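Visitor: I am new to this structure, and I would like to learn how to read its features one at a time. Could you take me through it slowly?

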Amino acid sequence: MMRAMIKSSLDVSATGRIRKGVTDSMNAAERLIDQLHMGANTAVAVHNPSNMFYLTDGYTGEGVVYVSQASRVIITDFRYTEQAERQAPGFRVEMTDKTRHDTNVLAELVRAEGITELRVETDYLSVDDYEKLRADIGEEVSCASLNKAPQLLRQVKTPPEVLTIRKACDITSEAFSAILPKIRPGMTEKELQIELDFTLFRLGADELAFDTIIASGENGSLCHAIPGGRTLKNGDMITMDFGAKVGGYCSDMTRTVALGQPSAEMRKVYDTVLRAQSMCEEALMAGKVCSEIDKLARDYIDARGYAGRFGHGLGHSVGIDIHEDPRLNQVCRDVLKAGIIITVEPGVYLPGLGGVRIEDMLLIDGETPRDLTEFPKTFTVLPERADR
């Protein structure tokens with residue numbers, strides 16, 4: 001029932017504000033051509049797998065994607081040719097071999113089409129790969145940076161992307177609900193991670209969005225703790241940061257719970273983090289500057305006596321990659337736009353004592369953001385139990 005209600009509300013919004021600035025009739029490759037004002041003599045070569053997936057609407061193999069006004073081509077080797085044909089039927093597939101490398105195919109394409117400028121991902125290619133590409137296409141073709149143009153397009157999610165991300169968020173919420181009754185003293189962090197990961201897959205995740213973080217007790221002060229052999233104990237605060245990947249898109253969720261009654265200090269920390277998150281979620285809207293949202297949380301946490309104990313950014317956009325731009329941090333001056341999906345995840349970390357982080361994903365949609373993470377954030381105290 002919850003999913004049906006969610007889908008209905010998103011179907012309505014799909015006709016409204018979240019598509020502002022995006023032309024419904026264009027596919028991703030066409031939007032890129034339009035954004036770059038590409039003429040007949042300009043082409044793009046994309047090597048970043050996430051950008052390749054985006055521009056082809058689904059190709060997950062290796063290789064290079066070539067886009068011009070005249071052509072849409074995936075250049076890859078024998079291992080991926082059939083996969084490319086299935087996943088990206090609107091693209092021609094060119095196969096490489098030991099004597100015909102991807103740069104050779106690119107050279108053939110630019111010469112056949114009279115391309116004089118090839119735009120490439122200078123933020124992704126190694127120096128060696130760029131120099132080989134530069135040598136093979138010839139001096140008559142200039143190379144220019146794409147300046148992360150595909151990533152800029154990816155910031156504003158289309159309605160189908162929102163629905164896919166929503167499905168991934170539903171899976172994380174359902175997995176968390178299912179895992180809570182299994183948490184007990186004597187279980188190790190690693191065992192809890194395995195149970196949670198399995199539950200994500202059982203509920204429909206294609207893969208994990210990132211390595212699951214489980215941090216209990218004093219390990220809670222480690223923002224990116226690696227689950228290990230520490231056993232859970234009554235009185236522990238337990239932070240769980242995890243995500244599912246569905247249809248190529250990620251979710252990201254963090255909750256901190258108590259196993260039995262925690263100390264008064266850790267309860268104060270939880271209340272501080274929750275209030276900081278709520279303030280920032282209420283302030284999220286198109287037109288706001290990212291750093292100003294971060295400052296709301298940072299100033300509040302500092303005023304509560306935890307200055308210097310919230311050392312990471314407040315949040316990040318999520319999509320094909322788990323960390324995308326724009327970011328909610330102290331230095332990002334980007335302006336939020338309708339259609340961006342972003343996390344809000346303040347935390348407080350006290351060495352030797354523990355930590356708390358709470359994270360939701362929100363869709364910027366006009367003046368009121370939509371919280372895509374359904375699981376409640378009220379303080380959860382699991383019943384004390386005897387060691388297993």
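Visitor: What sits over the ring of Phe310?

Guide: A charge is said to sit over a ring if NZ of Lys or CZ of Arg is within 6 Å of the ring centre and within 35 degrees of the ring normal. Here the charged end of Arg298 sits over the ring of Phe310, 4.1 Å from its centre. Please keep in mind that this is a predicted model, in which local features need pLDDT of at least 70 and side-chain atom pairs count only at pLDDT 80 or more, while totals for chains, interfaces and linings use all residues. Residues are numbered from 1 along each chain as its sequence is written, and side-chain values use heavy atoms, with hydrogens and water left out.

Visitor: How many aromatic pairs does the structure hold?

Guide: Rings of Phe, Tyr and Trp (its six-membered ring) pair if their centres lie within 6.5 Å, and planes under 30 degrees apart count as stacked, over 60 as edge-to-face and the rest as tilted. By that rule there are 4 aromatic pairs. One of them is the stacked pair of Phe176 and Phe242, with 6.0 Å from centre to centre and 20° between the planes. This pair links distant parts of the chain, since Phe176 belongs to helix H8 and Phe242 to strand E9 (residues 237-242), 66 residues apart. Helices (H or I, at least four residues) and strands (E, at least two) are DSSP runs, numbered from the N terminus. Ring pairs also link Phe176, Phe242 and Phe375 into a cluster.

Visitor: Is Phe176 buried or exposed?

Guide: Buried means under 20% relative accessible area, exposed over 50%, and partly exposed in between (1.4 Å probe, protein chains only). Phe176 has 1% relative accessibility and therefore counts as buried, and Phe242, with a relative accessible area of 0%, is buried as well.

Visitor: Which residues does Arg255 touch?

Guide: Contact means heavy atoms within 4.5 Å. Leaving aside residues up to four places away in sequence, Arg255 touches a list of residues that includes Phe176, Ile238, Met240, Arg357, Glu359, Phe375 and Pro376. Arg255 is placed in strand E12 (residues 253-259), and its relative accessible area of 2% makes it buried.

Visitor: Which backbone oxygen lies 2.9 Å from a polar atom of the side chain of Arg255?

Guide: A polar contact is a pair of N or O atoms within 3.5 Å; within protein, one must be able to donate a hydrogen and the other to accept it, and residues adjacent in sequence count only if both atoms are side-chain atoms. The backbone oxygen in question belongs to Glu359, and the backbone oxygen of Pro376 lies 3.3 Å from a polar atom of the Arg255 side chain.

Visitor: Which way do the side chains of E2 point?

Guide: In a regular strand the side chains alternate between the two faces of the sheet. From E2, Val64, Tyr66 and Ser68 point one way while Val65 and Val67 point the other way, and all of these are buried. Two strands pair if DSSP finds at least two bridges between them. Strand E1 (residues 42-46) runs antiparallel to E2 and is joined to it by 4 bridges, with Ala43 having Ser68 as its bridge partner. On E2 and strand E3 (residues 72-76) there are likewise 4 bridges, again antiparallel, and Val65 stands opposite Ile74. A hairpin of 3 residues joins E2 to E3.

Visitor: What is the order of the open sheet of 3 strands?

Guide: The order is E7-E10-E11, with antiparallel pairing. Strands E7 (207-208) and E11 (249-250) stand at the edges with a single partner strand each, so one side of each is left without a neighbour in the sheet. Helix H8 (residues 159-179) packs on this sheet, touching E10 and E11, and its direction makes about 145° with that of E10. For that angle, axes are lines fitted to C-alpha atoms, for helices over the stretch in contact, and angles run from 0 to 180 degrees between N-to-C directions.

Visitor: Where is Asp57 placed, and what is its phi?

Guide: Asp57 is in the loop between helix H3 (49-56) and strand E2 (64-68), and although it is not a glycine, it has a positive phi of about 60°. With 67% relative accessibility, Asp57 counts as exposed.
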